[in-house]
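I set out to record what I looked up in this structure. The entries below follow the order of my reading.

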Amino acid sequence: MKFPEERQTLTRRITVLRVAAVVLFGLLAVSFWFFQIIQHAKFQEMAENNHQRELPLRAPRGVLFDRHGRVLVENRPSFNVSIVRLHTTNLDRTIHLLSAVTGVDERRMQEVVARHRNEPQYRPIVVIEDATLAQVAAITARRLDFELPDILVQQVPTRQYPTDELAAHVFGYVGEATEAQVAATTGLKSGDIVGQAGFERAHNAMLMGKDGLRTVVVNSVGREMGELEGSRVEPAEGRRVRLTIDYDVQKAAEDGLNGLGFNGAAVVLDPRNGEVLAFTSRPAYDPNKFAGGVDRATWAALNTDEQRPLQNRAIQGRYSPGSTFKMAVALAALEEGIITPDFKVHCSGGGNFYGRYFKCWRKEGHGTVDLRHAIERSCDVFFYTVGNMLGVDRIHKWSTQLGLGVKSGIDLPNEVTGLVPSTKWKKERTGEKWYAGETISVSIGQGQVSVTPVSLAVYIATLANGGTRVTPHLTKAEDDGTGWKDLPVPPPQSRVEMKPEMLHAIRDGMWMVVNAGGTARLAQIPGKDVCGKTGTAQVISNKGRAAAGMHRKDLRDNGWFVFFAPRDNPQIAGVVFAEHGEHGTAAAVVAKHVLQTFFAKQDHQPLPVFRAPNAPPESAPQPEREDQQAVPVASLAPAGGAQAEPGR
Amino acid sequence: MNMLERRLYFHVDWALVVALLALCGMGILMIFSATQSTTPRLYISQFYALGLGAVALVVMLAVDYRTLADRSHLIYIGVVCLLIYVLFFGVIRGGARRWIPLGVFNLQPSEFARIAVALVLAKYFGENRRGNLSLADLAIAGGLALLPVLLIMRQPDLGTAVTVIPIYLAIAYVAGLPTRILAVAAIVAVLAAPVAWKFVLKDYQRQRVLTFVDPSKDTRGAGYQQIQARITTGSGGLWGKGFMKGTQGQLRFLPVAHNDFIFSVWGEEQGFAGVIVALGLYLFVILRSLDAARLAKDRLGAYLVLGILAGFTFQVLYNVSMSAGLAPVKGLTLPLMSYGGSSLIATLAGFGLILNVRMRRFTN
């Protein structure tokens, strides 16, 4: 070599480079070992999160049947449109485009997304529930990779309720679980659909299925490439439930109320076990509107509607029972030994109690009446007298035994409690003592007495079955996929022994109401021995009525009819409440249709069709106008007041 | 001549050739895997490039490197002209003017600049007879290296431009760059870094570096790529997800998986085992080439080998680091494996020269 020292440098420095190369490659190898072996699990998971989406498969809720197996509430397939923010580059643009394509309000979708902003990015946020086919078509046409890669269209089962608002208040409705519900319930996650009212809510656990899961592989722009093999967990449908409701009886009650044009409620029970055969509250709403997520406007409209369609009048409305309360007073007096069925009172059209004159609803008076006739004719003076002998506390005791002023225990949420006053109650409430004069109004179901329709139904059922305060309930049988199993009948709330002869006197009176000279002869059904009692209750004092003017509909009296049948072997008992029905006649017309339907079905006869009398109160078979008011005469408005009407 | 050629044939480093072909084969497999869902016939053009590269290799092998070195100034001038030409008439792709359209394929002259620079610098340092390198020598050589660097940077293509610098550094180093100057240069580099940061780097380049330090700052741009690169390799595990079964590459979570990030895909589908094989092959190629330099008959040969090897090695180290998220994301391909005709042809041509030097170590 010509330049040995240079050659030496070269060789030495090449060796340095050789060592450097080995060291650098060694470091790289160590780095890869660290990432690929030591941290493998972490990156494996990150890679899976990248390309795998767990999409819930919503489980269908359990189908609801009527007691004879007729489908009442089922599920239909619908489409949900969601945004997966993981693939969103510009959320505003996505929402804007989506709005342009579907016509859904942009602001509403933004609110939905804002509500879910804290959830993981990969979880789809449903912005359009129950999208129309046109919307779905428009979206899928534009859901190309780069226009709407973050939009997901999923098919989900949605609740399908009867379209005619049938039994809306029984079913209630479903909706997305609220944050509070998610927090309070284990196993519930945001976005789950749960019952929000009615049976759907009360029995949510039974009806809610178990959501399935499918894991799909998506590419970097979120396009679904297929389903991960073996990843699918099929959703489990909720339990199918057979309700105690009888579709035809239910329909009869609703046809009746709708046909007469009254708001109100009806509760029909099997007095032997508390099964609810029909349960309605009018006006109702269409639960289907909630199935796809109720929009703000609909919700606001339902809530501000003066008719209050969302209120379940049957369990949430408190009304004076009026004369329907008289059997409770009668039973109390008989059982307490204050009177016998033969006890007689002379009615001359009114009576003096504690220095005040209380009128009977019939100006001419009823003459001398015993218990049976007092019930038949609904004589106020008789019950003023008996109530006065009893005192309010004994009335309270016995009406509570019969189910009034307490909750019925029906399996629906948000039942309210009525009120039957007592001295103790008044002391606690106002600190004042009870005045004996107040008992007089209570004796005819006025004054402080207020009841829910369902509690009146229980009361009548208790009278019908001889003292067992059955628990009204809606569940008859369930099927978790292994066949129908009867559900246990909830135990009675209480039981009281009644002397048969006392009970018979009251039943006789109720029978006479319908079948003799009573106030509800139009409810007669030959051979069925219908027993009943009408009731009329003021919604405003006569004085207030005069002040408010005569023609405002919402000031008209409420009408009641309670009933059971047949007298000696009761199979059906219930109540019809006609809001502002003026008197019990309208309610009795509805009740008759319910009873006819029930018995026709039982006897395998053609079902009757409800035919509304042309102008309900006027043309209905004219009863004697009963107990108009129990307020002291002193407070009556001059010239007419409430008595102006019955003369027609 | 015939005798000579047969004798030379015996001295071809067949082990190196096999290693090179193995790496090319692995590259084509990964290109096939990564592009099946989008451009399923892309790997075929890589086959063509491999064929052309083989031709280039044989051509570079056949001509004595000393003959080439004697004409290195012409080659250098030719490449510089091409680099200037491309600045004005090149095809724009992805915002950069890098390619000269040649009908069948686009020629990327910057890929060939390294060979020209290696030749001209090897010639320059190889003919230096004064014993020690003077600062003037270093400066002249530096100028020769810097000209194409600046031209390539203008395209702009910082990544490729930077790969020219190691050629100069490596040749200067083995040519006897005094340790003193090396130390001073290192100090100057450290001091100049903040200045360069402020005045030389463009905003987007600064952003890339910042993103590298903290990828979470930019989870959709360069940071996204860096995170995805590490997820891709990391999720490969020991044995990998299997050929064409890598989710990251297949589902396009990693951009340009067949190109800049081909090693990530390799790591994902072939796992740590595959990574070790690939790294081993690259290291073998490098050590074998260093051997060629050591065995070279003259300094010219040694410098030529080291110059070519330096650019190659730098690119391999940088790309492999990047594919594990260990270096800022830069459009720098992995020689031999990445998709890209010009790169493959130029790389193989370079190795033709390395084989050339080794083969002719006994000739006069």
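I began with a term: a polar contact is a pair of N or O atoms within 3.5 Å, where within protein one must be able to donate a hydrogen and the other to accept it, and residues adjacent in sequence count only if both atoms are side-chain atoms. I note that this is a predicted model, in which local features need pLDDT of at least 70 and side-chain atom pairs count only at pLDDT 80 or more, while totals for chains, interfaces and linings use all residues. Residues are numbered from 1 along each chain as its sequence is written, chains are lettered from A in the order in which they are written, and side-chain values use heavy atoms, with hydrogens and water left out.

**Entry: the interface**

I looked up the polar contacts between chain A and chain B and found 8 residue pairs, both residues at pLDDT 80 or more. On the side of chain A that touches chain B, the elements giving two or more residues are α1 (4-38), α2 (40-51) and β8 (212-218) of chain A; helices (H or I, at least four residues) and strands (E, at least two) are DSSP runs, numbered from the N terminus. The largest share, 22 residues, comes from α1(A). By class, this side has 23 nonpolar, 11 polar and 5 charged residues; Ala, Val, Leu, Ile, Met, Phe, Trp, Tyr, Cys and Pro count as nonpolar, Asp, Glu, Lys and Arg as charged, and the others, Gly among them, as polar.

I then noted that 39 residues of chain A are in contact (heavy atoms within 4.5 Å) with 55 residues of chain B. The area buried between the two chains (accessible area, 1.4 Å probe, lost on being put together and summed over both) is about 4100 Å². Carbon and sulfur atoms give 69% of that area.

**Entry: salt bridges**

How many salt bridges does the rule find across the interface of chain A and chain B? I found 1, where a salt bridge is a side-chain nitrogen of Lys or Arg within 4 Å of a carboxyl oxygen of Asp or Glu. A:Arg18 and B:Asp291 meet in a salt bridge through their side chains, at 2.8 Å from N to O.

Over all chains, the count comes to 41 salt bridges. One of them joins A:Glu200 to A:Arg159, with the closest N and O atoms 2.7 Å apart. A:Glu200 lies in helix α8 (residues 198-202) of chain A and A:Arg159 in strand β5 (residues 151-160) of chain A, so this pair ties together parts 41 residues apart in sequence.
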